[in-house]
Amino acid sequence: MRFAAFGEVMLRLSPPEYLLLDQTNDLRMDYTGTGVNIMANLAQFGYETSLVTVLPDNRLGQVAKAAIAKYGIKTDLLRFAHHHIGSYFAENGYGARPTQVTYQNRHHSSFGLSNHEAYDFEKVIAESDLVQICGISLSLTDDTRDAAHTLAKKTAEAGKKVCFDFNFRPSLNTEPDKIAFMREQYEKILPYCDIVFGSVRDLTDLLQLEMIGTEDELIIQFMDKYQIEWFAGTRRFSENKQKQQEGFLYSREEYAVSPKRELTILDRIGAGDAYAAAILTGYVERWRLQETVEFAAMNAVLAHTIHGDVPLTTKEQVFTVLGNPGIDLIR
């Protein structure tokens, strides 16, 4: 199975040891992004993966390319233009203090300035069986929206599968009346999608679907409207000051929910991408929904224990922990 992901590559800058930016002059550099994270994890699972994006045409772009290749992601679909990369500072939370993310320079990044003409989408589609499109591309610029819509349409028309995550960021959509505009952008891309990651809140607050009955009925209404094959996401809880998470997965015929699992959080950024990569694994392997959602939920739990955005789990690790609860040493 050949996967490709369309989305932004970002430079993450992190203070060490849970320090605040005020407390250090040292920063760790990581190249990340939804597409990088999902494709890297799928590469760890043994699949062929590629990234479709535009990187800066300078030293920074070449270093980013090398980092992407290190994760086992093919780089032949990368393009290089302009001079900037989107970046963010991540101050890891601890205890009651949440993780703080500060973005900069996203709208004027090399990715943000590139429309569909920057890419060879015919080659992307020919070399892929499933294309994942990050929803953040709809929030960045007119150029990234243009490219995302074009790729989704061309991929669907070619009979290939399209995966899409809502990934709606209110921080990128602060202008008056922007929500109505963004609703139109999501409504435009969803008819081409087969697998969608999101939440009930995405359906009610962004798409303005009316909650008439239960959440299950709302999700099925959404899936029927856009002919979605699978809809998946996670729910987070806190009980007795212990954070927990469960995964859910719907087809139009049935649904499955994973057990709630306690979270030990070293770094939570990228855990949702680990969940998505595992759901895609179950989809292409034709696993049962329940098997898929339990595998995905555990993969996300493990991703919380890995520093950095990129999930570096393997299938064997996930199955080992699923089959041996409480295991703390593997020899």
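**Close-up views of rings and cysteines**

**View 1. Charges over aromatic rings.** The charged end of Arg106 sits over the Tyr103 ring, 4.5 Å from its centre. A charge counts as over a ring if NZ of Lys or CZ of Arg is within 6 Å of the ring centre and within 35 degrees of the ring normal. Lys260 lies over the face of Phe237, 4.1 Å from the ring centre. The model is predicted: local features need pLDDT of at least 70, side-chain atom pairs count only at pLDDT 80 or more, and totals for chains, interfaces and linings use all residues. Residues are numbered from 1 along each chain as its sequence is written, and side-chain values use heavy atoms, leaving out hydrogens and water.

**View 2. The pair Phe164 and Tyr186.** Rings of Phe, Tyr and Trp (its six-membered ring) pair if their centres lie within 6.5 Å; planes under 30 degrees apart are stacked, over 60 edge-to-face, the rest tilted. The count is 22 aromatic pairs. In one of them, Phe164 and Tyr186 have ring centres 5.6 Å apart and planes at 65°, so the pair is edge-to-face. Phe164 is buried at 0% relative accessible area (buried means under 20%, exposed over 50%, partly exposed in between; 1.4 Å probe, protein chains only).

**View 3. The pair Phe231 and Phe248.** This pair is tilted, with 6.1 Å centre to centre and 40° between the planes. Phe231 and Phe248 are both buried.

**View 4. Cysteines without a disulfide.** The whole structure has zero disulfides, a disulfide being a pair of cysteine sulfur atoms within 2.5 Å. For Cys134, the nearest cysteine sulfur is that of Cys163, 10 Å away. Cys134 is buried, with a relative accessible area of 5%.
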